[in-house]
Structure formats: structure tokens, C-alpha cells
Amino acid sequence: MNIQDLKSKFIEKYGEGEVEVFFSPGRVNLIGEHTDYNGGFVFPCALTFGTYCLVRRVERPSFRFASLNLPFETELNMDQLTTPLDDKWVNYPLGVLAQFVKKEIQFDGGADLMFYGNVPNGAGLSSSAALEVVTAVAINDVFQTGLDRVELVKMSQKAEHEFAGVHCGIMDQFASGMGSKDHAIFLNCDTLEYDLVPVKLEGAKIVISNTNSPHKLDSGKYNERVAECTAAVEAISKVKPIKNLGELSLEAFNSVADAIEDQVILNRARHVVSEIQRTSDAVAELKSGNIDVFGALMNASHDSLRDDYEVTGLQLDTMVEEARKIEGVIGSRMTGGGFGGCTVSIVKDDAVDTFIEEVGKNYEARTGIKPEFYVAEIGEGGCKLS
Ligand code: GLA
């Protein structure tokens with residue numbers, strides 16, 4: 001749907017008048033998984049698909065919400081903006097509005113909002129972060145609340161915690177809010193310092209493979225991993241006080257690892273600490289043009305997520321195994337929270353068609369599920385379109 005079509009839909013629903021259009025992207029993470037809530041490094045990039053938000057300010061003191069993807073719509077008064085609804089998509093934009101209210105920002109009148117997203121839902125490409133960030137960017141702009149972009153990103157993350165119950169790190173919202181065309185973001189999730197790194201793959205492309213086995217972040221497994229990392233920090237802190245696992249180099253971790261008695265917790269911590277090291281190594285290799293080493297680190301990342309962190313599962317592992325059999329695949333790993341969703345592979349230009357055909361066929365034969373493939377383009381972060 002183009003912007004004109006979206007505006008027509010908005011006018012059909014809410015009537016003639018001015019309408020402003022905003023967009024925020026989904027993301028794919030190249031490496032650095034389950035490190036963000038441990039104060040570690042991540043390396044995501046914004047995609048060119050995402051969520052559109054059409055807005056019109058109104059004098060009436062209420063907010064109306066509608067989506068072109070899902071049927072539920074509602075109108076909420078000012079005093080209803082801080083209470084989650086029962087299990088509805090509206091909770092994502094509502095959770096963001098609640099953050100504005102919590103900052104004691106007074107809305108002078110309300111707004112009509114309409115959303116349209118083209119990130120596949122449940123694919124682990126951050127459709128929910130795109131929805132949160134686009135709301136934050138749009139509300140900040142039309143109500144001229146003057147918050148800076150990083151603040152909007154943090155408010156979007158809080159919306160996910162408080163209105164979706166997922167104790168996520170900041171990677172997805174940061175990538176959606178701060179992405180830059182043809183760059184990946186090397187982000188220190190502890191300090192929020194970041195570096196935009198050009199993604200120059202010299203004759204290769206980023207291919208996203210959707211297992212079409214939805215990831216279920218809200219199923220509790222994600223929060224369970226967050227809690228396991230907290231348990232690791234507590235155990236290590238008995239011998240060396242730390243705030244999060246991201247403070248430990250691999251060497252420092254090895255010297256205190258004995259303090260963790262539970263084997264599962266030890267495995268989780270080993271993944272986190274080694275993944276943080278792999279991420280900074282991978283960024284250095286990409287900057288030096290060593291794409292093959294970058295790919296090898298992606299492979300090692302997946303293996304660690306499979307064996308130590310246990311967030312892959314049959315579909316993600318099958319997709320990666322089949323991908324690695326194709327000549328011209330430089331690296332392949334799961335991306336995002338895991339438990340289903342997508343993989344990301346770096347594939348030489350002339351192998352992309354074979355990759356899609358062969359991996360598609362073999363994955364379907366082994367799992368009974370038809371996958372989908374997207375050749376990714378790296379886009380801009382959240383912005384106003386018109
Ligand atoms: C999800 C979360 C992120 C991050 C990834 C795993 O996408 O929303 O904060 O933890 O999982 O790296």
C-alpha cells in the first residue's frame with residue numbers, strides 16, 4: 001500500500017482533513033543475541049519494511065485507534081491511557097502513550113491514529129518495536145513534546161515491559177528508532193554509545209529466511225532466560241560483585257565461572273559472555289573487509305544459541321543446517337529472540353537464487369512447513385514521511 005492509499009483509508013475512517021504519516025522499521029540482528037539485557041553489544045540493522053502511523057490531532061479529549069491489519073478498534077479517554085487492555089494490539093501504542101502520561105506531559109486534545117504494518121508478525125523481526133517506536137515518534141512530533149530520539153526509544157522499551165509483559169532489552173527499539181540506511185548499529189547496551197558501521201558485503205547479500213514457525217516471546221521462555229542471567233550475576237557476585245554479565249571478559253568469566261553451581265545457568269552465562277566477544281570481533285572483521293571471518297562468527301553465534309542458550313529448536317536449526325550446505329553461504333544464524341522466527345544468512349550474489357530454491361525445498365521436506373525468504377535492504381530508522 002502506498003502513502004496515498006493509506007491516507008485514503010484514514011479519510012474513509014475518520015473523515016476529511018489533514019493527516020500526517022510516520023514510519024518506523026523492523027530490524028534484523030546480524031550478531032549479538034540475548035546480550036542486550038546483559039549490558040553487552042548488539043549489531044542490528046533497520047529493514048525497509050515496518051509500521052506506518054497516520055495521525056490527526058483533534059480537539060476532542062480522546063484517542064481513537066484503528067489498524068489496517070487487525071479488526072479490533074477502540075476509543076480511549078485521557079484517564080484510560082495508563083491501563084493495558086485485555087490482550088489487544090492496541091496495547092503497544094497505548095503502552096507508549098502511557099509513558100508520555102507518566103512524564104506528566106499534558107495532551108492538549110486527543111488524536112485519531114491509524115496503523116499499517118508490513119513486517120511479518122511473529123517472525124522475530126520486531127513488528128512490535130516498529131509499532132511502539134512509530135507511535136512514540138508520531139506523538140512526539142504532532143504534540144511537539146520535544147523529547148530526543150533515545151528517550152523515545154527507551155519509552156518504547158518500557159511500553160513492551162509494562163503493556164506486553166516482555167522484559168526485553170533495548171536492541172529492537174533502538175534499531176527501529178536509530179537505524180541508518182546501509183549501516184548496522186554497533187551498540188553498547190550498557191552505555192547506549194553506538195557506532196554506525198557501513199555494511200559492505202562485497203558481492204554478497206543479507207537473506208532472511210522465515211521458518212514460518214512463529215516465535216512466542218510472550219510464552220515466558222524469553223523472561224525465563226532473562227531470569228537465568230540474573231541468577232548467574234547473583235552467583236558470580238558472591239566472589240566478584242558485578243551488575244551484569246556484560247562487565248566480564250571471557251577470561252574474567254572463566255576465572256569466576258566455578259561460582260555458578262547450576263550447569264544450566266553456567267551454560268547461559270557462557271553464551272552471553274562469549275557472544276559479546278564474538279560481536280565485537282565480528283564488527284572489527286567487517287570493518288576490515290574480512291567477510292568470511294564475519295560469517296564464521298555468525299555460525300559460532302548460532303551454535304552457542306543452540307547448545308548453551310537453548311533458544312533455537314527444530315525449525316531454526318534445520319533452516320541453518322540447510323543454509324550452510326549451499327555453496328556461497330558465508331554465514332547463517334538465527335536472529336532475534338529465537339524459539340521460531342527467522343534466520344539471517346550472508347549469501348554470495350550468484351548463490352541467492354539457488355539458496356532460496358534449495359533451502360526452501362529441503363526445509364519444507366524436513367519440517368512440513370513452507371518457508372519464506374526476503375533479500376534484506378537496510379533502511380532508515382523512524383521518520384516522518386509527509
Ligand atoms: C528480542 C528482544 C531483544 C533481544 C533479542 C535477543 O528480540 O526484544 O531485546 O533480547 O530478543 O537478542
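Modeller: Ala, Val, Leu, Ile, Met, Phe, Trp, Tyr, Cys and Pro count as nonpolar, Asp, Glu, Lys and Arg as charged, the others, Gly among them, as polar. This is a predicted model: local features need pLDDT of at least 70, side-chain atom pairs 80 or more, while totals for chains, interfaces and linings use all residues. Numbering runs from 1 along each chain as its sequence is written, and side-chain values use heavy atoms, without hydrogens and water.

Colleague: How many charged residues are in the shell around the ligand?

Modeller: The ligand's surroundings (a heavy atom within 4 Å) include R27, E33, D36 and D172. By class, the shell has 4 nonpolar, 4 polar and, as charged residues, 4.

Colleague: How much of the ligand's accessible area does the protein cover?

Modeller: A ligand oxygen lies 2.5 Å from a side-chain N or O atom of D36. Another pairing, 2.6 Å, involves the side chain of Y222. Of the 310 Å² the ligand has on its own (Shrake-Rupley, 1.4 Å probe), the protein covers 98%.

Colleague: How far apart are the end C-alpha atoms of α8?

Modeller: Helix α8 (a DSSP run of H or I, at least four residues) covers residues 263-287. At 1.5 Å times one less than its number of residues, its 25 residues should span 36 Å. The model agrees, with end C-alpha atoms apart by 36 Å.

Colleague: Which residue caps the N-terminal end of α8?

Modeller: A side-chain oxygen lies 2.8 Å from the backbone nitrogen of V264. The capping residue is D262.

Conventions. Helices (H or I, at least four residues) and strands (E, at least two) are DSSP runs, numbered from the N terminus. A polar contact is a pair of N or O atoms within 3.5 Å; within protein, one must be able to donate a hydrogen and the other to accept it, and residues adjacent in sequence count only if both atoms are side-chain atoms.
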